[in-house]
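Visitor: Could you show me how to read an interface and a set of aromatic rings? I would like the general idea each time, and then the case at hand.

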Amino acid sequence: MNTDLPPAKRVVVIAPHPDDESLGCGGTIARFAKNGAEVRLLVVSDGAAIEEPDGRHEDIVAVRTQELEAATKILGIQHLRTLQLPDGRLTHHEAQIHTALSDYLTTVQPDLVLAPSLIDGHQDHVIVGRIALQLLRTTPGWTLAFYEVLAPLRFNTLVDITDVASIKETAIRCYQRSLFQQPQLFWDAFRALNVAKSAFVHHSGLFEAFWVLHAPPSDHEIIAWATYGFQPSHNGQGPLQRVKDVDDLVFAVQEKMQQLANTDQQIHTLRSELTAATQKLQHQETLIAALQLASNKSATPAQDSRAECLTKETSLFRQCLEYVFPPGSSRRSALSVVKRRLTQYTSKSPNE
Amino acid sequence: MQKRCAILTSFDPYAFKGGIETYTQQMVDLLQRSSYEVDIYHTQCLPEGTDTNLIGPSFHSPFLNSLSRVGQAFYRVDHLYNFVIAHAFFGFAYSPPRIPTFTIFHSTHAQYAEANRELFSQEWYYEVKYLFGLGAEYASTIGKRVIAVSDAVAREATAHYGAIDVVSVVTGVDQTLFSPRPDKKGLRDQFAIPRDAFVGVFLARWGVDKAIDVLQEVMKTTPDVFWVLILGTGEPCPLHERPNTKIIENVERNEVATILSCADFLFHPSRYEGFGLAVAEALSCGLPVIAPPVGIAQSLLALPPLHALQLPSYETGTQQVINAAVETITRLHRDRDFRHACAHHGQRVAAQTLSLPQWEHNFLAALGIASREENPEHLSLHQDGAVA
């Protein structure tokens, strides 16, 4: 059992919501700050998903931001950044979070990143933990430590926070609205969680638990770690799992087929428009020719230029049609060609 | 101690009027007469106190989701029963089974999907064949004793799902209800069917899989036939204004028997049947049945003179089936002796092979209940869950 996190001069703490940093690893943050490390906090959500009290209107995001800033100062965090993404819906913004965190870590170049655990009991926590793990697989130079907030974590490191527990308590007390007007209750609960870990080190005190990863683990290793080595067995899969797998596959196939049908419909519409456009072009060409015949003399330079332009366009459309219609051509590429040609055509005014 | 049995199904058998519901009612009656207390669980009736929030896994398919609740919820109460019987894949989520479990296959969705593949979308085909068939129906064979309602279904269960030791118990027809009735003309008056008409009956859901396209083509080319369509729950039928046609919907069992008795033949063009209850009931009523070789019609119409009523398989082409049907109807209309011979022979075959007492005996034997007095306590599970 490790009793301390690896030494770090620069620490990044990632919190899904304002308050998670204080509840999950407030003591550890305070210790790092006290020891002179640069601690940065990145809060992903805006914290808006807390109901307003009866009969009172308030800007909950502003209130929670104030609480966050107060707690940040108490813990000794030097830099605070918030992504302000919608609280409770972070799973809908996975790519955005991934990019933001990746950019942030690349810029800051921390030694250590603290992130919520992969099995924490909130979907926002889980997705942020997963993204941190993905980044550990692609971004070098730092160690990842998962902390626990809502669900106990299988840990490999316990950090003694006994001497900074009062700082953690004060930080938690800043979160009056975030913690449903009961910060004392939350401190009592998280204190108990931290005290309970003393049983593992055989001396009294408060300890924050972490699963520290120096190297990116495989999915299999994660499951084995979280479940103390559970191995999926052939018997355990059972016929019901097979039905579930088939259900997933059939659903995926049906979704793809629907997408294909939509694309076919788009191609059909674009082909119709293309055909109409080509007919219009041919009509114009015929008119020009008729005008030239009627005047019974050679065309003016302007007419020559127009005829040349129309001829080029017609040729372009013919090429496009030949590209789109042959069987076996890729639907996607055909669609993009049709779109491009149509854009070119429709950008010209009718009198041009 | 009171002997108890549970039935897992999809819909309330007392609210719907389908083949499975009729079968369920017959089964309940038989088991109760054999001293069993029977409880039925279905998507609208889960074991008391079931908290559906605690039930997993969840499926994309809403139908499988609701069936999954039935099977998973049954784990809470399975210890109260001596054994459980599930229809088709409706009990798939009671897997692995902890008490002796029987699955009754009325058809196989894998074969049904193949037979109707050309009629529906690819999405439908994948769902029916792979999800309901090779997924859920396959799961319904693991560790469970499979009872098929016909030899054809037994073969399909083995071929598609690798089911072993499938017992074929041919469904019975209540021949006290489904038997020829006197005073045909008087009966026709009850339903406003012309007394002297040559009457053909179609008894099924109005659905593409019941080959309504073939029916309509045949109706067009047989203007001298008065058609009675007895329709179960299905799509709306567009033939209400058609002359020489009577449509009767939501009919009670007793009325079905009466209507069959006042007709001259049953036309059952369905592309796929596991059993084909309509065929069995019509034959029992002394009605010649014109049908392709699917379900029970495959064996019952195999020998002379009934073989003349068997249409070619759809594999030969839909038009071939239509032509043969029109030809057979014309012959039945013109050849009174042929018609009577078919009616007489069909009824005899039905009496020999489709009697309710015979089904009851075979069904109890398949459950391991040799006689009504014997206690089926000897039923036990192998280690892999199969019923011993």
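Visitor: How much area is buried between chain A and chain B?

Guide: The size of an interface is often given as the accessible area lost when the parts come together. In this predicted model, about 1,600 Å² is buried between chain A and chain B, with carbon and sulfur atoms giving 70% of that area. On the side of chain A that touches chain B, the classes are 8 nonpolar, 2 polar and 4 charged residues.

Visitor: Across this interface, how many salt bridges and how many residue pairs in polar contact are there?

Guide: The rule finds 0 salt bridges between chain A and chain B, but 6 residue pairs in polar contact, both residues at pLDDT 80 or more. In terms of contacts, 14 residues of chain A meet 22 residues of chain B.

Visitor: Now the rings, please. How many aromatic pairs does the structure hold?

Guide: Over all chains there are 32 aromatic pairs. A pair of aromatic rings is described by the distance of the centres and the angle of the planes. Take Tyr36(B) and Phe83(B): their centres are 5.3 Å apart and their planes at 70°, so this pair is edge-to-face. Tyr36(B) belongs to strand 2 of chain B and Phe83(B) to strand 3, so the pair ties together parts 47 residues apart in sequence.

Visitor: Are Tyr36(B) and Phe83(B) buried or exposed?

Guide: Tyr36(B) is buried at 3% relative accessibility, and Phe83(B) is buried at 0%.

Visitor: What about Phe120(B) and Trp124(B)?

Guide: Their ring centres are 4.2 Å apart with planes at 25°, so that pair is stacked. Phe120(B) is partly exposed, at 28% relative accessibility.

Conventions:
Residues numbered from 1 in each chain as written. Chains lettered and ligands numbered in written order. Predicted model: local features only at pLDDT ≥ 70, side-chain atom pairs only at ≥ 80, totals over all residues. Heavy atoms only, no water. Contact = heavy atoms within 4.5 Å. Buried area = accessible area lost by both parts, 1.4 Å probe. Salt bridge = Lys/Arg side-chain N within 4 Å of Asp/Glu carboxyl O. Polar contact = N/O pair within 3.5 Å; in protein donor to acceptor, adjacent residues only side chain to side chain. Nonpolar A, V, L, I, M, F, W, Y, C, P; charged D, E, K, R; others polar. Phe/Tyr/Trp six-rings, centres within 6.5 Å; stacked < 30°, edge-to-face > 60°. Helix = DSSP H or I, 4+ residues; strand = E, 2+ residues; numbered from the N terminus. Buried < 20%, exposed > 50% of the residue type's maximum accessible area, 1.4 Å probe, protein only.
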